[in-house]
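Student: I've got a structure open and I'd like to learn how to read it. Could you walk me through some features?

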Amino acid sequence: MSYKWTPPLDETTIGLLYGKDTKYNAEIHSEYQVIVLNKQKRAPILTGILPTVLVVFLSAGLGAFLIAWLLIHQAHGLPGYSPGFLGAVRNGTFVVDEGYKESGDVIQASLIALTFSAVASHMIGLTSSFLMTLVAYRTASQWLKHSQRPLENAERQGPTPIQYGLLLGLLGTSNVMSVWKSIRYALRSKAQRSKLPSIFIEPLIIASIVLILNHALGASDLWLHATARSALITVTIAGDVQDQSGLKLGVAFNESLCDPHMRWCLQYAHGWSVGPDDGLVSRGWQVNFNSTSAPFRVVTLTDQNSTAVMVPTGIQSLSSMSTSYVFTAPTLGIRSKCQILTTACATDAVGTVTDCTPAGAPYLPLKFENISGSDMRDCRFPNRVFGVLEGHTGYFIHALQQEFPDNYTFPDGPATIGIQLSLDSEYSFLSSPPPSADSASRLYATCQIDLLNGTLTYDPSENKYKLINEAYFPGHLTPTLLGPMTSQFGTDAFRAGIAVPIMVDPTIDPPLLLNANLPRIALGLLGGVVKPVAAAQVSQVRQGVFGLYPVAPVLCVSGILFAYALFAMFIFLTSVSSTSYTVSTTASLRQSKMEIDHTPQIGDGKEQTTREETALLLGQLWLTDPLPLVASVFGGRDGMDHRRSITGEALDMVYDMDGKAGRLVLGVAADGDESKFSLKRRERNFRGSFETF
């Protein structure tokens, strides 16, 4: 097959049109002509640089700014969290202090980094058209070069009409539908389409990559928005706390109260602490009832087997809305492990417990011969909480204070407590006593008591204490620390705290109830024999609302932005070297005299141009804008189409004079002997009627 190739007019072939006497023939030639000037020009450098700088600034700039923002505003002083990029990667989260506002009980915080991510995702979507404009320059340069080659295979390197239409969509809009339509066309079998030239394949690949990066960035931004959150976190304030010794945040047993001449501290002849300072018990009751004047209070650690610990009341006054203290300080603690024995004891015919020897507690019920006082045999059932040492209960002096013989020694470690309580006959209206009591509503139990000397840590963010480094008090202090309970100072309060729940609530667990109340009351009664001491370690902390940004979506957003910037630079570097020839218009002398504007004239045998433009810029317009194609199909018929065809503004290429350009009609119209659905122009003829062309 042979091809007829017509070379374009240029400076050497212009004479073929006008003849040897160029000046004379040009004077009688009345139309503009477009010729090729033999000089090469590159793409307008600013046209390529400005979009590239904008894309790189928006993509790499926002990606770097996002990472920098998170690193600069990282929170410092978090336990277990090291600032810095690697620290955030190891932790899996950027913990960021972006500021917050407090309004009453409401704390408002803004996740500012999400704004940067959203702006980047939105702006990158707008810059894809800039990238495809750069690609259009490269494609236009290749197409222009192929179109100038008078070779048979050169024609196969240009696009077919359908391929040009698809290129117009790829380079002009580059949206999902245009890319999908081009991919569908490319996937057709070779029998259904023409061969794909490189100037079609390259824009399709680039447009697909740009589209994938855009949507991947949008998905990463959505992922970041879905996983980022704010949280109330406590951070340590840098610097040492001034005068730590003045912060009495610990509690210790006041051994100065002990008389060294006595075998057991505070065990006097007339009762526990009934000696030189008989106000110890009253101060203990102040602690037990949370009196405002009490220097200490008891806290129950429910997550540590209901262990009771003692803390100074001044801890609360140290905290404010903005700052507080994290500390480690010594403390006292009591923990119990109780077992109900009532059902395992022997009973009489009416169901009243008579002997708990089968339950391993032969000292229950408590024998009256062990209780001194002539009037005790005639009294009601004695409610008692008493110590048990080697299976013995010793004696109860004046019916209250428990005393053991001098040859008894308390070992280090848990102490055994016996309990017998009447849950009160006031509940006799119940159809039957609870399972933990006998027919007389009496409860029998034993408890293992841990008297602990430990270290307490405090977390103000959750107002939470934790007992660590537990150790038992020495055995010789066991009678002292259990003295208030075994002297029956807390028996009535203890019975009142458990009687009603056990009697009226069948779902209550009596051992758990005993374990929660016995340590609390026993420790509170020691409020008069302890003293405040300095904390071992104190740090000032503050609470604030911090932004938590997972590292994975942050790196995805930033990584895609950097990849987009590198891809934009690659497109720029491959497009900025594109060159093409220059085109110009010429006019005859006679035509120039007919123009009212300043049309350059031809004189002295040299053609003067009226308009000059690079073919590369024009090719880019033909690949990104449908208006040049519209101008080619619907000419102005005013003799100026040639001049308009090389304007650098697509809007100026189309003839558009009101009343003269004609209107377009869409639908079924005659086309020779056939009719088809098409687009036609309707114009007014010289007779004044409309005709469709």
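Predicted model: local features only at pLDDT ≥ 70, side-chain atom pairs only at ≥ 80, totals over all residues.

Student: Is Thr-93 buried or exposed?

Tutor: The idea is to compare the relative accessible area with a cut-off: under 20% is buried, over 50% is exposed, and partly exposed is in between. Thr-93 comes out at 18%, so it counts as buried. Now try Cys-556: its relative accessibility is 30%, so that residue is partly exposed.

Student: Which residues is Thr-93 in contact with, leaving aside neighbours within four places in sequence?

Tutor: They are Tyr-81, Ala-88, Leu-548, Tyr-549, Pro-550 and Val-551. Two of the names on that list, Leu-548 and Tyr-549, bring us to strand E21, which spans residues 537-550.

Student: How do E2 and E21 pair?

Tutor: For any strand pair, look at the direction and then at the bridges. E2 and E21 pair in the antiparallel sense, over four bridges. To find your place on screen, look for Val-96, which has Gly-547 of E21 opposite it.

Student: Which other strand pairs with E21?

Tutor: Strand E5, residues 229-236, pairs with E21, again in the antiparallel sense and over eight bridges. A handy landmark there is Ala-231, whose bridge partner in E21 is Phe-546.

Student: What does Val-95 touch, not counting residues up to four places away in sequence?

Tutor: Val-95 touches His-73, Gln-74, Ala-75, Leu-78, Tyr-81, Ile-233, Phe-546, Gly-547 and Leu-548.

Student: How should I think about nonpolar cores?

Tutor: In soluble globular proteins, nonpolar side chains tend to be buried together. Here the largest nonpolar core has 64 residues, and those with the most contacts inside it are Leu-70, Phe-94, Val-95 and Tyr-549. Helix H5, residues 112-148, supplies the largest share of this core, with twelve residues. Apart from it there is another core, of 49 residues, including Leu-332, Ile-334, Ile-340 and Ala-415.

Student: Let's turn to disulfides. How many does the structure hold?

Tutor: It holds two. In one of them, the sulfur atoms of Cys-338 and Cys-447 are 2.0 Å apart. That link is right-handed, with 110° about the S-S bond. It ties distant parts of the chain, 109 residues apart: Cys-338 is in strand E11 (residues 323-340) and Cys-447 in strand E18 (residues 442-459). Both cysteines are buried.

Student: And what is the S to S distance between Cys-345 and Cys-356?

Tutor: Those two are joined by a disulfide with S to S at 2.0 Å. The link of Cys-345 and Cys-356 is right-handed too, with 100° about the S-S bond. Cys-345 lies in the loop between E11 and strand E12, while Cys-356 lies in the loop between strands E13 and E14, eleven residues apart. Cys-345 and Cys-356 are both buried.

Student: Last one: which residues make up the covered face of strand E19?

Tutor: In E19, residues 464-468, Tyr-465 and Leu-467 form the covered face, while Lys-464, Lys-466 and Ile-468 form the uncovered one. E19 runs antiparallel to E18, joined by five bridges. Leu-467 from that covered face stands opposite Leu-456.

Notes
Residues numbered from 1 in each chain as written. Heavy atoms only, no water. Buried < 20%, exposed > 50% of the residue type's maximum accessible area, 1.4 Å probe, protein only. Contact = heavy atoms within 4.5 Å. Pairing = 2+ DSSP bridges. Helix = DSSP H or I, 4+ residues; strand = E, 2+ residues; numbered from the N terminus. Disulfide = S-S within 2.5 Å. Core = buried A, V, L, I, M, F, W, Y, C linked by side-chain atoms within 4.5 Å.
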